[in-house]
Amino acid sequence: MRSLRSWIVVCTTALTVLAAVLSAPAVPAEAAPRGRPAFAAGPAEAALRRLLPRHAGQFDLVAVDRPASGDYFAVSGTAGHVRVRGSSPAVLLSGVDWYLKYTAKVDIGWPGDSTSRLPKKLPAPVGTVRRDASVPHRFALNDTDDGYSGAYRDWASYEKQIDVLALHGVNEVFVQMGADAVYYDTFREFGYAKKDLASWIPGPAHQPWWLMQNMSGFGGPVGEKLLDRRAALGRRIADRLRLLGMTPVLPGYYGTVPPGFTDRNPTGPVVPQGDWVGFERPDWLDPRGKMFPKVAEAFYRHQRRLFGDSTMYKMDLLHEGGRPGDVPIADAARAVMSALQTAHPGATWVLLGWQSNPSTQLIDAVDRNRLFIVDGLADRYNGLDREAAWHGTPYAFGTIPNFGGHTTIGANSAVWTTRFNEWRTKPGSALRGIAYLPEGTGGNPVAYELFTELAWQSAPSDDAAWFAAYAERRYGGADPHAAKAWELLRAGPYSTPSGTWSESQDSLFTARPALTVGSAASWSPSSMRYDASTVQRALTELLRVAPELRKSDAYRFDVVDVARQALANRSRTLLPQIRSAYEEKDLALYRQRATEWKRDLALLDRLLASDRRFMLGPWLKDARSWGDTDAERAAAEFDARSILTTWGHRSGSESGGLRDYANREWSGLVGDFYAERWTLYLDSLDTALATGRPPAAIDWFARDNAWNLERKSYPVKPTGDPVALADTVRVALAAPLAPTALR
């Protein structure tokens with residue numbers, strides 16, 4: 001197994017290097033005054049051909065040395081010949097993106113683009129536009145991203161993600177794909193049989209929480225072929241990032257061990273970690289003991305063989321309730337840092353700023369210049385003083401505008417545009433970066449674009465003006481209705497305040513049925529965070545956008561997304577009416593309201609089926625594609641289904657509260673899971689009203705987990721006209737609810 005995996009890695013690396021050589025033409029002499037290129041522009045040119053195949057030839061990408069002041073790009077040129085100078089391949093792409101947004105006025109979003117609106121000959125930039133990065137660190141991806149964004153994606157999906165990250169200025173990306181192979185190979189050296197490790201490592205969709213020492217085993221077992229494929233893909237991701245001048249941030253080793261470690265290695269010792277929301281946590285190897293440096297050495301050795309080296313390694317001690325036992329945090333931190341520096345001298349230890357993490361005991365025990373904190377709460381709470389709390393440790397201003405991959409739109413974006421620059425420019429500031437950390441990516445494109453642009457602005461932007469410009473480039477042309485729609489969205493879901501939450505409320509359509517339910521996920525807002533009418537009015541305006549602008553991919557995504565959100569918001573006004581009718585024992589009115597609820601769910605499912613990005617079918621097809629046998633395909637599908645529904649076993653789902661944490665409005669999931677669940681519940685209440693008997697008890701976990709075990713295939717190609725379906729939603733929302741007089 002070990003030799004096979006090494007062969008796969010060698011072949012993958014060789015192909016990557018060969019591709020880079022073939023795609024890297026000589027850089028013009030002016031890019032390197034000292035006679036040699038600052039770097040190869042070829043990888044950026046290759047990305048440009050993928051992103052803009054019809055226009056890539058009109059760009060001249062020029063490599064320049066990075067000055068002491070940091071990254072920069074400059075855009076100049078004439079019509080049909082745009083010159084972009086930049087200090088790395090990724091920064092060159094950032095310069096291209098700036099040109100597209102502010103000269104050509106089109107958008108490549110995540111997701112959605114309007115590049116079909118580009119003229120055959122690109123317009124000339126006005127003079128020379130230069131932008132300097134205001135911070136050196138531009139970090140992306142939460143520890144949870146692989147779980148909630150799709151653990152079974154293929155190379156094409158990751159390649160597109162990397163291109164879009166580079167295009168928007170990101171230069172540091174967390175990469176966990178293939179970390180399971182590192183752990184597997186490491187602990188084979190410490191007395192574990194293959195079957196022991198295969199059952200300890202969770203299925204890919206649940207691995208992020210295993211890597212954070214929260215749980216193990218669920219969704220597995222994993223086989224060696226799966227480990228090999230994931231390691232090869234992880235290497236390919238890391239190598240592509242390096243080619244673009246970006247840093248792959250790899251998982252570090254901080255002490256997670258499989259069960260029975262001291263049985264095999266008596267000197268140990270280990271600290272039991274207890275439970276995490278219903279799951280038994282893996283043991284923690286005491287970093288002070290003799291075994292820790294040995295395990296860490298093996299871990300980093302295997303990681304280097306499989307993925308190469310990095311300068312940044314992410315790990316968090318005792319994440320979300322871990323127990324130190326009798327181990328002083330300071331001693332543990334010193335040992336963890338020592339192991340990292342032994343393997344990778346000068347490397348940076350990246351930590352997540354979350355809850356009480358990192359502790360001052362950790363921070364004060366090590367060289368703070370070798371730490372970097374990506375703050376997941378910078379826009380969520382008020383009264384934060386990171387310099388005082390973290391004793392001057394360098395950190396990134398971060399945001400988590402999305403939990404669990406929810407499809408809800410919105411963000412505390414008005415907080416970003418003021419607070420980021422206030423923190424960056426205050427005396428003694430330790431702010432050195434930005435960190436885009438949604439738990440699931442692939443939605444909320446305006447949030448991604450605005451947040452990543454912070455790093456290239458020297459002063460706060462005017463929010464209203466920025467959204468107006470976004471409306472124009474998003475659809476590839478100025479339109480008063482598009483401008484009005486985005487102004488309404490800015491004033492509503494994208495102006496939510498800090499203080500309590502960093503994401504908007506989720507949909508009650510996706511909640512476990514109850515008349516009093518306030519959120520689908522246990523840790524989501526229980527009420528509206530903005531005026532719902534802003535979204536409904538924005539939908540009306542979007543549907544008035546000029547026909548020629550409706551053809552763009554961005555418009556078609558947005559009109560479905562906004563219609564989806566408008567319909568989801570109505571769940572919060574309709575459910576209280578259902579409850580009122582039930583409590584008043586008004587059967588006729590109850591049936592009217594329940595019928596309207598079911599109709600809304602049916603309409604929602606049809607709407608979502610019109611765009612592949614809102615469909616369950618591709619998610620499940622991707623999972624099945626990783627299995628060679630029927631049993632492997634079934635295991636992968638269960639892993640992919642369960643993360644969306646029960647999340648885990650009965651204990652984690654019920655007592656732990658993880659059920660529906662990753663809820664999302666996708667066609668197929670709405671129609672076959674959420675709608676069926678609500679129908680069962682509402683019909684039971686109908687029977688109770690009609691008979692006078694209490695409603696029948698429902699074992700929701702058993703019902704939900706039965707769906708997880710199904711093997712039904714769902715469509716992977718969209719059906720229906722998204723604009724027509726969005727208009728159907730508009731009409732439905734404009735119509736008053738059935739009047740009580742018709743009882």
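Tutor: Helices (H or I, at least four residues) and strands (E, at least two) are DSSP runs, numbered from the N terminus. This is a predicted model, in which local features need pLDDT of at least 70 and side-chain atom pairs count only at pLDDT 80 or more, while totals for chains, interfaces and linings use all residues. Residues are numbered from 1 along each chain as its sequence is written, and side-chain values use heavy atoms, with hydrogens and water left out.

Student: What makes K101 and D97 a salt bridge?

Tutor: A salt bridge is a side-chain nitrogen of Lys or Arg within 4 Å of a carboxyl oxygen of Asp or Glu. The closest N and O atoms of K101 and D97 are 3.5 Å apart, so the pair meets that rule, by which the count comes to 58 salt bridges. Both residues lie in helix α3 (residues 89-104), four residues apart, about one turn of the helix.

Student: Why does E596 count as buried?

Tutor: Buried means under 20% relative accessible area, exposed over 50%, and partly exposed in between (1.4 Å probe, protein chains only). E596 has 12% relative accessibility and therefore counts as buried. R593, with a relative accessible area of 6%, is buried too. E596 forms a salt bridge with R593, their closest N and O atoms being 3.5 Å apart.

Student: Which residue forms a salt bridge with R473?

Tutor: R473 pairs with E449, the closest N and O atoms being 2.9 Å apart. This pair links distant parts of the chain, with R473 in helix α17 (residues 463-475) and E449 in helix α16 (residues 445-453), 24 residues apart.
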